[in-house]
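Subject: Structure for your review

Dear colleague,

Please find the structure below, followed by an account of what was found in it. I would be grateful if you kept the model open while reading.

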Amino acid sequence: MMKYLMPSSLQRGQDLLPPGPGSYTVGTMSERFDCYYCRDPLHGKKYVQKEGRHCCVKCFDKICANTCIECKKPIGADSKELHFKNRYWHDTCFKCFKCYTSLVNEPFMLRENNKVWCSNCTATEDAPRCKGCFKPIIAGDQNVEYKKMVWHKDCFTCSQCKQVIGSGSFFPKGDDFYCVSCHEHKFAKTCAKCKNPITSGGLTYQEQPWHSECFICSNCKKQLGGKRFTAVEDQFYCVECYKECVAKKCAGCKNPITAGFGRGTSVVNYEDESWHDYCFKCTKCARGLANKRFVCHNGKIYCAECPKRL
């Protein structure tokens, strides 16, 4: 809380100083009256009355005067005195500890070591410090906060290009901060297809990074992330497009041979035709012939025994 103090001057006559600890009165004597301390007559002289006792100005300055907390000298009867919480100042000593501005009739704050500060210096001293320039961030300044740290808006810059990031997007790396562009060039992985940086998301296939929008079916262009697909000569196909466009047709059931996509994972090839392993069987007895001896007769497949019974 800021306090206001008004200086008061000692004047001839019976004027009172501001009430406070040990208030006193200054006056002159027209009748015989002696100083309480030195016993010198006070008739026709300036004197001080303090706590019911009368004393000459000399004794007051030497014995009774309060000591200025700033200059450590007595505050004489002819000086203007300010007091606050049992502390006393000459009016000329009542200045801001930081900027030395007089605080007479001004708001002030009493801080550590009995030092008084003006309102401006108090606000500046208590303000948070910018992480960039280490100067105070006062009310009204535009600033950026991140993890209990604060910067002036113009002090929050990219560690690489030194351009102001301000309130824009950024990427933290240890104690450094990077704008989007510098982070992409310095840290981001490069897509295996388009060769551009991957700033967010993405996926990995055979230890290579891809944008999700770049990892697509070569035929229907649908994204393949999280879906079943197959690769043929560096081209990727979803299950349906592989069946329709790429897969060989089984000579037995006439359906696409989609190894890895369903029943049967082996393919039997003979001359220019292919079969699912479970479709490669004897035409007469239907015995499975995958990895077994067989006979081709008139374009049909038989086990080794059945042609003898034809």
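Strands, like helices, are DSSP runs numbered from the N terminus; a strand is a run of E with at least two residues. In that numbering, F236 belongs to strand β17, which covers residues 235-238. Please note that this is a predicted model.

Confidence and overall make-up

The average pLDDT of the chain is 79, and 86% of the residues score at least 70. Residues 1-22 have a pLDDT below 50, and this stretch has 65 contacts in the model beyond near neighbours in sequence. The chain contains four helices and 21 strands. Of its 310 residues, 33% are buried. Among contacts with a separation of 6 or more, 21% are between residues 24 or more positions apart. The accessible surface of the chain is about 19,900 Å², and carbon and sulfur atoms account for 46% of that surface.

Is F236 buried or exposed? F236 is buried, because its relative accessible area is 9% and the cut-off for a buried residue is under 20%. Setting aside residues up to four places away in sequence, F236 touches Y205, W210, F215, I216, C217, S218, L224, F229, T230 and A231. One of these contacts, S218, is 18 residues from F236 in sequence, while the two C-alpha atoms are 5.7 Å apart in space.

Helix α1

Helix α1 consists of residues 57-64, and V57, C59, F60 and C64 are buried in it. Seen down the helix axis, the buried residues of α1 fall within an arc of 155°, so they line one face. An α-helix has 3.6 residues a turn, so residues three or four places apart point the same way. K58 and K62 are exposed on the other side of α1.

Salt bridges

How many salt bridges does a search of the whole structure find? The search finds two.

In one of them, the side chains of K46 and D78 meet, with an N to O distance of 2.5 Å. K46 lies in strand β2, whereas D78 lies in the loop between α1 and β4 (81-84), so the pair ties together parts that are 32 residues apart in sequence. D78 counts as exposed because its relative accessibility is 59%.

K115 forms a salt bridge with E70, and their closest N and O atoms are 3.8 Å apart. K115 is in strand β7 (residues 115-118) and E70 is in the loop between α1 and β4, so this pair ties together parts that are 45 residues apart in sequence. K115 is partly exposed, with a relative accessibility of 23%, and E70 is also partly exposed, with a relative accessible area of 36%.

A nonpolar patch on the surface

Which residues form a nonpolar patch on the surface? The patch is made of Y36, Y37 and I63, which together have about 270 Å² of accessible area. Y36 is in the loop between β1 (24-28) and β2 (46-50). With a relative accessible area of 37%, Y36 is partly exposed.

With kind regards

Note on methods: Residues numbered from 1 in each chain as written. Predicted model: local features only at pLDDT ≥ 70, side-chain atom pairs only at ≥ 80, totals over all residues. Heavy atoms only, no water. Patch = residues over 30% accessible without salt bridge, like charges linked within 9 Å, V, L, I, M, F, W, Y side chains within 5 Å. Areas by Shrake-Rupley, 256 points an atom, 1.4 Å probe, with all protein chains shown as cover. Salt bridge = Lys/Arg side-chain N within 4 Å of Asp/Glu carboxyl O. Buried < 20%, exposed > 50% of the residue type's maximum accessible area, 1.4 Å probe, protein only. pLDDT = per-residue confidence, 0-100. Contact = heavy atoms within 4.5 Å. Arc of directions from axis to C-beta.
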